[in-house]
Amino acid sequence: MATGIRDKVAIIGMGCSQFGERWDCGPDDLMVEAFGEALKDAGIERDRIDAAWLGVFFDEQNTGKSALPMSMALRLPNIPVTRVENLCATGTEALRGAAYAVAAGACDIALAMGVEKLKDTGYSGLPERTKGTFEDLYLPTSTAPGAFAQLAGAYAAKYGFSMDELRRAMAHVSVKSHENGAKNPKAHLRSRITTEQVLGAPMISYPLGVFDCCGVSDGAACAIVTTPEIARSLGRRDVVTIKALQLAPSNGVEMSHGSWDGTHTLTTPLAAKRAYAEAGIRDPRAEINLIEVHDCFSITELVVMEDLGLSDPGRAPHDILDGRYDADGAIPCQIDGGLKCFGHPIGASGLRMTYEIYLQLLGRAGDRQLRSPTIGLAHNLGGIPNRNVASINVLGLHKV
Amino acid sequence: MTRLGCIVSASAYVPRLRLPREVIANAMSWATGGAGKPKGARSICNWDEDSLTMGVEAARGALPRSGAPVNAVAMASTTLPFADRSNAALAAACLDLGADVETQEFGGTLRAGTTALANAARREGRTLVVATDSRAAMPGSAQEAAFGHGAAALVIDGAASSRELPVPDAALASVLGTGHVAANFVDHYRMAGSDFDYALEERWVRDAGLAALPARAIGQALIQAGVAARDVRHFVMPGSAANLKRIAKSAGLDPDVQLADPLQADCGDTGSAHALLMLVGALERALPGELILLASFGQGVDALLLRVEPGVAAWRAQQRPLSMTLARRQVETQYTRYLSHAGLLQVDFGMRAERDNRTAQSVAWRKHEMLDAFRGGKCRRCAAVQFPLSRVCVNPDCRETDTQDSFRLADSTGRVKTFTEDWQAYSRRPPYVYGNVSFAEGGNLFMEFTDLDAGELAVGDSLRFVLRIKDQDALRGFRRYFWKAARA
C-alpha cells in the first residue's frame, strides 16, 4: 500500500510575479521575475536545481511548447525540464512532478514553475481555442463563464433557492475576495466592491455578471522543493512540507452519463477524499486553517465548499453569507484575493495559491496574515463542470 | 396501363421567426417611399437555418415511423447550400435513411417542387420529396416583403403496374395525371452566383405568361387523369387570387373552384416549396374524393391532378402539420437582426467571431453516424444511452468495452438539466444559449439550444432536437451542421 508523500517534500523557496495586465512582460520575463524571488527565498545557487517542471496551458498563445521556454528564459544548466499541462490544474501538476521526483529520490532539489501570458490576444476573456477535431463538430463553442454558469441553475433548482437568493450568496463570495485582495500588493484587482455592485453588474453568462468572474491576467509563480533532510542541512527548522498532493480527472460520466445532476463537480470530492487520507486529516472542518480554492467564478467557489466537505450539501450559500469563509471566519478562503483578484493565468494559478498558503504558514503574509495557521489547502479545477481535472494540495508546517 | 403514385404522408416546416411587413416598411420607407401599413408577416430563417435544415425538419414530420422505408429522396430547391456536394445525400444522412437510398436534386426553377413530385409519382418505390427554399431579397425590394422561407415534404408511394390496383389505405391523395410545359419565358431570373432575383414587370408576366401558359399543362393533366375541368374542387397554385382566377377561367375550371390559401398572411412565398406547402394546407381541409389541381409556374408550368383519398381523414385527425408549424411563431421586431441573419448586413461580432472553424472531413466521415444522424451508443450490458458512442461504456458501474449499439437520439426528447445565456460567446443571435440536456432514455449531452431568446428557457423544460447550422467556415466557404435542442 502506497504511503503517499506526506512530509517527504519540503518547499524551501517560492516566488510569485506581480499579476495583472503585464503589457511590459512576456512569459519569459514573468518566469524570471518569479524565479528570482524563489531562488533568493531558498538561498541556493541556481545550479543546485537538478530538474524542473514547467506548467503552461495555452502554449500556442504564449511560451510555445516543450521544456525550451523555461530552460532558455532561466538559462538553466541543461537540466531535465518537463513541460506539463492539465488545464487549470497545470500549476499544481508542475508541483506534483517536482515533488514526486524529490520524494522518489530521483533528484535532490527540483523546480516547479507555472506561467501564463493571457493578455496578448487583443480581447478580454480567455483566448478562443479548439476542443479538438471531433468535439468541435458537436460541442458548443462555450466560454468559461458560460460553462460554469451551468452550475447555478441546477444548484438553485435542486436546493430550492431562487436565483436572486443564490446570486446574493455568490455576490458575497466576490465581495469577500475583493476585500482580501485589496490588501495584497501582488493582486491584479485591488478595489473593494459591494454586493449591490456585483448584483447590478453587466451580465456575462446568466446568472454570472462581471463581478462573478475572475480576472484575466498574466503571471507566474514557482516553488523550489527538496527533501526535509536537505532543508535541514540548509539551516531550516520549521519548514512547509507537502502533506498531500492529489489529482482526480473526469472520465466522461458528467459529459455523457445521466447520473450527474449538474449541481457540483464529481472530481473535487474524490481528490479531497484522497488528499485528506494522504495528509492524515480526519475532520477537515476542524483541521484546515485556510483554503485557496478555484474561484474562477463565484458559483464555482460556492459549490466547491460542499465538494471539499466544508459545507453540507445545500448549505454553502448560508455558510458563505454567515461569513464562515471570510478573513475572520472559521476557514478563511482566498485570503490573498483568489483568482477573483489575481486573475487566472492558467499555468500559474495552482502555484500562486500554494504561494499564499506557504506565506501564511510561515507568518510572512503581511497585512493579511492569519493567526498561526498550520494546515492549508489549495484546490484547482481545470476544465468545466462537465469534465475537469481537480487537484488538491495540502501544506503544513513541519519541524525538521 | 400503369397507375401513378400517391401521397402517403405530408408535412411542412415554416421557421419560427416572423418578420412583420410593417417592420420592413418602417425600416425602408425612406428609400421605397412606401406609405401605409402593410399587413401580415413573412417567415424568415433563424441564423442557423437554411434550405437544408428546413427541408430536413419538414421531412422528419413526413417520414413514416414504421413500415417500408423510403428508397429515394428528392430535394427540390433553388437555394440549397451546396452547388457541388449532394445536399440530398446530406439530408438523407441526417434523416438516417441508410446508405441504399437514391438521392436526387431538382432545382433551377420555382417548379422544382412540383417536378420532383411528378417524377416521384412516375417512378416505382417510395420517394421522399422535399421542397425547400430560403430566397434572399434585396432590402427595399418587393420580394423582401413577398418572400417567405419554408419547406414541405411528401412521401410518395410510386407508380403501380396497373390502374386497377387499389391505392394504399394510408394514401392521402393519389396522382391521376400530370402535365408539363416548358417556356423560355423570363419573368424573373437569378444568375448562378448571384444573391438576388431580377424580376420583370408584373403586368407583362400576368398577361403574356400566367394568362397563356398554364392552360396547356393543366389540359394535359386533366386528359391523363380522365376528368373534366369543372370537376376540380381545389386549385393549388402560388400566385395572386386575381391571377389564379384568370388561369382557372382559361383552363375551364369551375369559377367557384376553391383557391388554396396562398399563405401570404403569415408566411410569404416560399419559392419552389410553395406549391407543395399550399398543397399540405389544402390536404388539411379537402374531403375524400375531391379533386385537387396542383400547378406551379417558372419558365413553364407543371400541373398535377390529384384525388383526395380516404386516408386523409385519419392523417388529419393525427396532425395538421402546416397549421402546427405556422402556430409556432415568434415575431422578429428587429429589421437589422433579420438582415444579419440573412447575411445582408455585416455586423461586428468581435474578435471571437474570427475563430477558425475548419472541419476535419476525415473525422466528420469517421463519425458521420453520430454527427449527421445524431446517433449515440446504447450499452448491451447495462443499457446506458450515451453520446458520443465510444469503445468503453461511460456508466461508472459498467465500463465494458465494445458493448455499444448505435442508438438514434434525434427523435428522442430531453429535458434541460442546466443552461446559460452567454453574452460573451460569439453568436449570430446573442445570447448564445447552451447547456446540459438529459435524454429521455438516459444520457447527457452538453449542447447548443436554438430558437430561444433571453429569458425563455428554464431548468426542467421539455426539449426536442433539430438539425441546424453549427458553424460557418468563412475562410473555406464551408458550412457544417449538427443537432441542437429546442423547446418541445
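In chain A, the centres of domain 1 and domain 2, taken over C-alpha atoms, are separated by 23 Å. Before I continue, a word on conventions: this is a predicted model, in which local features need pLDDT of at least 70 and side-chain atom pairs count only at pLDDT 80 or more, while totals for chains, interfaces and linings use all residues. Residues are numbered from 1 along each chain as its sequence is written, chains are lettered from A and ligands numbered from 1 in the order in which they are written, and side-chain values use heavy atoms, with hydrogens and water left out.

Domain 1 of chain A comprises 10–124 + 218–233, and domain 2 comprises 142–209 + 244–399; such bounds come from an automatic or database domain assignment. Chain A contains 14 helices and eleven strands, which are DSSP runs (helices H or I, at least four residues; strands E, at least two) numbered from the N terminus.

Let me turn to the interface between the domains. Here 41 residues of domain 1 of chain A are in contact with 28 residues of domain 2, contact meaning heavy atoms within 4.5 Å. The buried area is about 2700 Å², with carbon and sulfur atoms giving 70%; this is the accessible area (1.4 Å probe) that two parts lose on being put together, summed over both. A:Phe19, A:Cys88 and A:Thr92 supply 25% of the area that domain 1 buries against domain 2, more than any other three residues.

How many salt bridges cross between the two domains? The rule finds two, requiring a side-chain nitrogen of Lys or Arg within 4 Å of a carboxyl oxygen of Asp or Glu. A:Arg364 and A:Asp41 meet in a salt bridge at 3.3 Å, N to O.

I come now to the interface between the chains. Chain A places 43 residues in contact with 42 residues of chain B, and the area buried between them is about 3600 Å², of which carbon and sulfur atoms give 59%. A:Leu137, A:Tyr138 and A:Gln150 supply 20% of the area that chain A buries against chain B, more than any other three residues. The count between these chains is one salt bridge: A:Asp136 pairs with B:Arg355, the closest N and O atoms being 3.3 Å apart. The largest share of the chain A side, eight residues, comes from α4(A).

Finally, some backbone geometry. Most residues other than glycine have a negative phi, and most peptide bonds are trans. The bond from A:Tyr206 to A:Pro207 is cis, with omega near 5 degrees, and A:Pro207 sits in the loop between β5 and β6 of chain A. In chain B, B:Pro430 and B:Pro431 are joined by a cis peptide bond, with omega about 0 degrees. A:Arg75, not a glycine, has a positive phi of about 50 degrees and lies in the loop between α2 and β3 of chain A.
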